[in-house]
Amino acid sequence: MSEQATSQPPQGRRWLLALPLIVFLGLAGLFLLRLYGGDPSRIPSALIGRPAPQTPLPALEGLVKDGTQVPGLDPAVFKGKVSVVNVWASWCVPCHDEAPLLTDLGTDKRFQIIGINYKDSPDNARRFLGRYGNPFGIVGVDGNGRASIEWGVYGVPETFVVGREGKIVYKLVGPVTPDNVTTVLKAEIEKALATGS
């Protein structure tokens, strides 16, 4: 009689034995849902609504547009104009794909396009812009990546829209694509242009 009692656990204890497995499967399911269930370009930024970083960046040496040196980034340029800030590098594969779209976007003179060249060699950066065209009126060099950290950059490419008041109003994580250039980026630029006119 005691053999039967010790070989079979009571009904209530069976659930206790299965509880760790149930908890593990629940947590694993939640982890997978968060890992694969969302658009990575929709990562929220703590900088939305805050002033653009006030970090001056030097010019990309030897980069000339219309016969003059393209200036580096002076944070004062954000006041009074809507700006599109693109963080890019010549070694970044998606940057090659988005470059023609940024060049097309650069034909709209209602806003300025600013480039932050991230951890790149000057020769490669100039060659990149020579190959695809230079949409940027301003190019700041972030050789060590510290300015990009201040912008909250996760990785290149990333694009920001800065309103006339100098505050970041939108952040696009990942490349500008044919799918998001009109539906997302241009829509956010139009909102910024309409605000504070």
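These notebook entries record what I looked up in the structure.

**Entry 1. Ground rules**

I am working with a predicted model, in which local features need pLDDT of at least 70 and side-chain atom pairs count only at pLDDT 80 or more, while totals for chains, interfaces and linings use all residues. I number residues from 1 along each chain as its sequence is written, and side-chain values use heavy atoms, with hydrogens and water left out.

**Entry 2. Overall make-up**

I looked up the secondary structure and found six helices and seven strands in the protein. Helices (H or I, at least four residues) and strands (E, at least two) are DSSP runs, numbered from the N terminus. I noted the order of the elements from the N terminus on as α-α-β-β-β-α-β-α-β-α-β-β-α.

I then checked burial, where buried means under 20% relative accessible area, exposed over 50% and partly exposed in between, with a 1.4 Å probe and protein chains only. Of the 197 residues of the protein, 40% count as buried. For contacts (heavy atoms within 4.5 Å), I took those in the protein with a separation of 6 or more: residues 24 or more positions apart account for 74% of them.

**Entry 3. The sheet**

I traced an open sheet of five strands in the order E5-E4-E3-E6-E7, with mixed pairing. The edge strands are E5 (138–142) and E7, each of which pairs on one side only. On average, neighbouring strands of this sheet are turned by 20° against each other, direction ignored. For such angles, axes are lines fitted to C-alpha atoms, for helices over the stretch in contact, and angles run from 0 to 180 degrees between N-to-C directions.

Two strands pair if DSSP finds at least two bridges between them. I recorded that strand E4 (residues 112–118) and E5 pair in the parallel sense over five bridges. Gly115 has Val139 in E5 as its bridge partner. Helix H3 packs on the sheet and touches strand E3 (83–88), E4 and E6, and its direction makes about 160° with that of E3.

**Entry 4. The hairpin E6 and E7**

I found that strand E6 (residues 158–162) and E7 pair in the antiparallel sense over five bridges. Glu158 has Val173 in E7 as its bridge partner. The two strands E6 and E7 form a hairpin with five residues between them, and Gly166 in the turn has a positive phi of about 85°. Strand E7 (residues 168–173) has five of its six residues buried, so E7 is largely enclosed by the rest of the structure.

Pro157 is found in the loop between helix H5 (146–150) and E6.

I located Lys79 in the loop between strand E2 (68–69) and E3. Lys79 counts as exposed because its relative accessibility is 60%. Lys79 and Gly166 are 87 residues apart in sequence, and their C-alpha atoms are 5.1 Å apart in space. Not counting residues up to four places away in sequence, Lys79 touches Arg164 and Glu165.

**Entry 5. Helices H3 and H4**

I compared helix H3 (residues 93–105) with helix H4 (residues 122–132): their axes come within 10 Å and cross at roughly 55°. H3 and H4 are therefore oblique to each other; angles under 35 degrees count as roughly parallel, over 145 as roughly antiparallel, 65 to 115 as roughly perpendicular and the rest as oblique.

Cys95, His96, Ala99, Pro100 and Thr103 in H3 meet Phe128, Arg131 and Tyr132 in H4.

I also looked up Ser90, which lies in the loop between E3 and H3. Ser90 counts as buried because its relative accessibility is 12%. Not counting residues up to four places away in sequence, Ser90 touches His96, Asp120, Asn124, Ala125 and Phe128.

**Entry 6. Positive phi outside glycine**

I noted that Asp66 has a phi near 55°, a positive value in a residue other than glycine. Asp66 is found in the loop between strand E1 (64–65) and E2, and Asp66 is exposed, with a relative accessible area of 77%.

Lys119 has a phi near 45°, also a positive value in a residue other than glycine. I placed Lys119 in the loop between E4 and H4; Lys119 is partly exposed, with a relative accessible area of 41%.
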